[in-house]
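Here are a few notes to go with your first look at this one. Have the viewer open while you read.

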Amino acid sequence: MTEILTVDSSRAADVLAVIHEAFANRPPLDPPATALDETLESISEALDAHGGLLVEHEGRPVGALLLEPRGRLLGLRRVGVLDSVRGLGVAAQMATRAETIATARKFGGLEIEARVELPRTVEFWRRLGYVESGRNGNRLNMLKMLPITRVLRTAEDTRAFGEWLATLLRHGDLVILTGDLGAGKTTLTQGIGQGLGVRGNVTSPTFVISRVHPSLDDGPPLIHVDAYRLGGAAELDDLDLDTDVIDAVTVVEWGEGLAEALAIDRLELSLTRSDDDVRTLELRPVGPRWRELLI
Ligand SMILES: Nc1ncnc2c1ncn2[C@@H]1O[C@H](COP(=O)(O)OP(=O)(O)OP(=O)(O)O)[C@@H](O)[C@H]1O
Ligand SMILES: [Mg+2]
């Protein structure tokens with residue numbers, strides 16, 4: 001049985017032992033990981049300040065990490081898992097728990113540092129939704145923002161949210177909208193168009209797959225794409241969007257699984273319809289561009 005515990009300095013010796021063993025088993029790095037310099041004192045201090053996670057498998061400590069608040073982000077440090085439990089998903093379980101903690105403590109996202117010399121570690125975090133946000137030599141910063149949720153009671157609320165969102169948008173930005181038929185994707189895009197101050201009514205493009213709405217002043221145009229009838233990412237490429245997206249704000253309905261390749265930085269929005277026409281919106285910012293949403 002595997003158990004994840006939130007721990008303070010009373011478990012410092014176990015956390016230290018896991019970190020030392022896990023990091024000693026890594027290939028040599030340049031510069032070397034400083035985890036091996038951690039002492040009972042330094043770990044106790046860190047755990048008393050911000051806490052950490054300890055994973056026990058059949059009663060034995062096998063995984064650990066330290067939590068470290070950095071402004072609106074929760075940093076995860078010294079993420080260590082013993083070789084003897086590789087493949088049991090211990091690291092993924094710790095990452096999930098850390099996300100739960102970050103959400104409960106109202107952080108805007110999570111941040112880790114990975115070494116480029118360890119591509120499997122980098123890939124592990126990427127699969128969990130972390131993207132590169134900075135680099136310092138061989139040290140890669142990776143960031144995952146937490147979703148923002150809003151309840152939108154009326155179509156007007158949805159439009160107003162779009163208008164607010166438009167105040168954050170600038171040329172080159174990509175917004176991907178997901179939701180069932182009639183969920184409110186076009187309604188939201190109308191609000192974005194209104195907020196951006198673009199020409200023409202934003203409607204469901206029935207016969208065309210994309211439509212460009214030029215700005216009425218010197219702001220970015222809106223490219224509104226309805227990918228519902230698109231066969232796949234290749235067809236999206238055929239639209240030749242890449243030429244314009246740099247200068248425009250691009251909003252893609254039904255873009256999930258298709259449009260992500262257009263940009264690392266993007267806003268993923270999903271709309272879910274419940275009873276009484278109420279919509280629940282989940283906004284997931286992806287990429288370093290959206291760090292500013294944290295401030
Ligand atoms: N809270 C709400 N938010 C958004 N739309 C709402 C809401 N309540 C009612 N509506 C209505 O639901 C409809 C949503 O249609 P809309 O075209 O925006 O959906 P869509 O997700 O773009 O659909 P499609 O998948 O066909 O493109 C509109 O007629 C709108 O007035
Ligand atoms: Mg639509």
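1. Start with Glu253, which sits in strand S12, residues 249-253. Keep in mind that this is a predicted model.

2. What is the nearest side chain of opposite charge to Glu253? That would be Lys185, 4.6 Å away.

3. Glu253 does have a polar partner, though: its side chain and that of Thr186 make a polar contact of 2.6 Å. Setting aside neighbours within four places in sequence, the residues in contact with Glu253 also include Leu177, Thr189, His224 and Tyr228. Val225, Asp226 and Ala227 are among its contacts too.

4. Now for the nonpolar cores. The largest one has 44 residues, and Val15, Leu76 and Trp125 have the most contacts inside it. Helix H1, residues 12-24, supplies the largest share of this core, with 7 residues.

5. Trp125 is worth a click. Not counting residues up to four places away in sequence, Trp125 touches Leu76, Val79, Ala95, Ile112, Tyr130 and Met142. Apart from the core of 44 residues lies another core, of 26 residues, with Leu143, Leu152, Val175 and Val198 among them.

6. Last, zoom out to the whole chain. It is divided into domain 1, covering 2-145, and domain 2, covering 148-290. Their C-alpha centres lie 35 Å apart. How many residues does each domain bring to the contact? Domain 1 gives 6 residues and domain 2 gives 7 residues.

Terms used. Residues are numbered from 1 along each chain as its sequence is written. Chains are lettered from A and ligands numbered from 1 in the order in which they are written. This is a predicted model: local features need pLDDT of at least 70, side-chain atom pairs count only at pLDDT 80 or more; totals for chains, interfaces and linings use all residues. Side-chain values use heavy atoms; hydrogens and water are left out. Helices (H or I, at least four residues) and strands (E, at least two) are DSSP runs, numbered from the N terminus. Buried means under 20% relative accessible area, exposed over 50%, partly exposed in between (1.4 Å probe, protein chains only). Lys and Arg count as positive and Asp and Glu as negative; His and the chain ends are not counted. A salt bridge is a side-chain nitrogen of Lys or Arg within 4 Å of a carboxyl oxygen of Asp or Glu. A polar contact is a pair of N or O atoms within 3.5 Å; within protein, one must be able to donate a hydrogen and the other to accept it, and residues adjacent in sequence count only if both atoms are side-chain atoms. Contact means heavy atoms within 4.5 Å. A nonpolar core is a set of buried Ala, Val, Leu, Ile, Met, Phe, Trp, Tyr and Cys residues joined through side-chain atoms within 4.5 Å. Domain bounds come from an automatic or database domain assignment.
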